[in-house]
Amino acid sequence: MRVTVDRDRVRNEFDGNTGRAVQFSLLIELDRHENFRSIVDVYEVDLIDQEFANRLEESKSRLADFHRLAGGWYNGDGEKISPRAIRAAETFLIRRPTFAETYGLFPTEGGGVLVEFQTNGWDISVEFYASGEIEIFGVEIDGRAEFFSPKYQDLGDDFFAEFDRRAEVRRL
Amino acid sequence: MKTSLTEMAELLFRQIHPNFIQNGQIGSPAFCPTPKDDNKLSVDRSSMTTPQASRQLFVSNGGKSQGVYALSVEEFQQENLTCQADPIEAEDNKLANPAHAIADYSAHSQKEQKNKAKRLKLKAMARGLQA
């Protein structure tokens, strides 16, 4: 999705706040299947909520800590965490800050990164493998239902469509 | 031959590595065996040790533990995971651990193991920190 905002507007409204995370209020157009079609208007561009921003910074800091884990970090096991997995997790957090307050970030024994959070009765994980592949899985907190997504090669539209379906749809 | 644990109410203590706790939230990898573990999760039996003693021994033997959580034999069984006594004798510079036991995940695929670990994490967190 590309959001076009007038350069002068950004400069005038955010002078002195460059480099900070922002949020957009948009009017969007959907097709008859309720899939995104286009952006009709940009109403507001605001600095992102401070609480969100703080949690995002905390998450980025934790990911930076993963860079420093040496091989064998898990009581003698545990591969060095792949920079590729860390970069992908950071991109994911920036693009989906919705659950930032509840995200838990954990290294995996195989050198990947796991993001875990709960939403609407589900405990969901997004695993960023050292290889660059990404997978979503989860369990119902008070039930026996569970799911596993296919493996995705990158943070493309297919991945986000699946993530939004698994996480955001259940919030409705 | 290992002895199966049949006392369903017995609690089994699991050491949580510092990297698997963030703001009091446990990561599910803490309850998933690694390939080196041969699909078996290490735990200590509450009938033979305490959470504090379990943690102390684990750290004395070179492990890192941020805290101890517990699951019952029954809770493992609800995930179709059998538990067996697996006492460890002293060797090299490591102390013996007669309370050691294992939860066997080997009948399940890696995918299945991950979601079982998530369910066990939820149950352990509901029971709360033991030490």
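Visitor: Leaving aside its neighbours within four places in sequence, which residues is Glu116(A) in contact with?

Guide: Contact means heavy atoms within 4.5 Å. By that criterion Glu116(A) touches, among others, Thr102(A), Tyr103(A) and Phe106(A) in chain A, and Gln25(B), Ile26(B), Lys118(B) and Lys121(B) in chain B. This is a predicted model, in which local features need pLDDT of at least 70, side-chain atom pairs count only at pLDDT 80 or more, and totals for chains, interfaces and linings use all residues. Residues are numbered from 1 along each chain as its sequence is written, chains are lettered from A and ligands numbered from 1 in the order in which they are written, and side-chain values use heavy atoms, with hydrogens and water left out.

Visitor: Is Glu116(A) buried or exposed?

Guide: Buried means under 20% relative accessible area, exposed over 50%, and partly exposed in between, with a 1.4 Å probe and protein chains only. Glu116(A) is buried, at 0%. Its side chain makes a polar contact with the side chain of Lys121(B), at 3.5 Å. A polar contact is a pair of N or O atoms within 3.5 Å; within protein, one must be able to donate a hydrogen and the other to accept it, and residues adjacent in sequence count only if both atoms are side-chain atoms.

Visitor: How is a pair of aromatic rings described?

Guide: It is described by the distance of the centres and the angle of the planes. Rings of Phe, Tyr and Trp (its six-membered ring) pair if their centres lie within 6.5 Å; planes under 30 degrees apart count as stacked, over 60 as edge-to-face and the rest as tilted. The count over all chains is 14 aromatic pairs. For Phe92(A) and Tyr103(A), the centres are 5.8 Å apart and the planes stand at 50 degrees, so the pair is tilted. Both Phe92(A) and Tyr103(A) are buried. Phe92(A) also pairs edge-to-face with Phe159(A), at 6.0 Å and 75 degrees.

Visitor: In what order do the five strands of the open sheet in chain B lie?

Guide: Strands are DSSP runs of E, at least two residues, and helices are runs of H or I, at least four, numbered from the N terminus. Two strands pair if DSSP finds at least two bridges between them. The order is β5-β1-β4-β7-β6 (chain B), with antiparallel pairing. Strands β5 and β6 of chain B are at the edges with a single partner strand each, so one side of each has no neighbour in the sheet.
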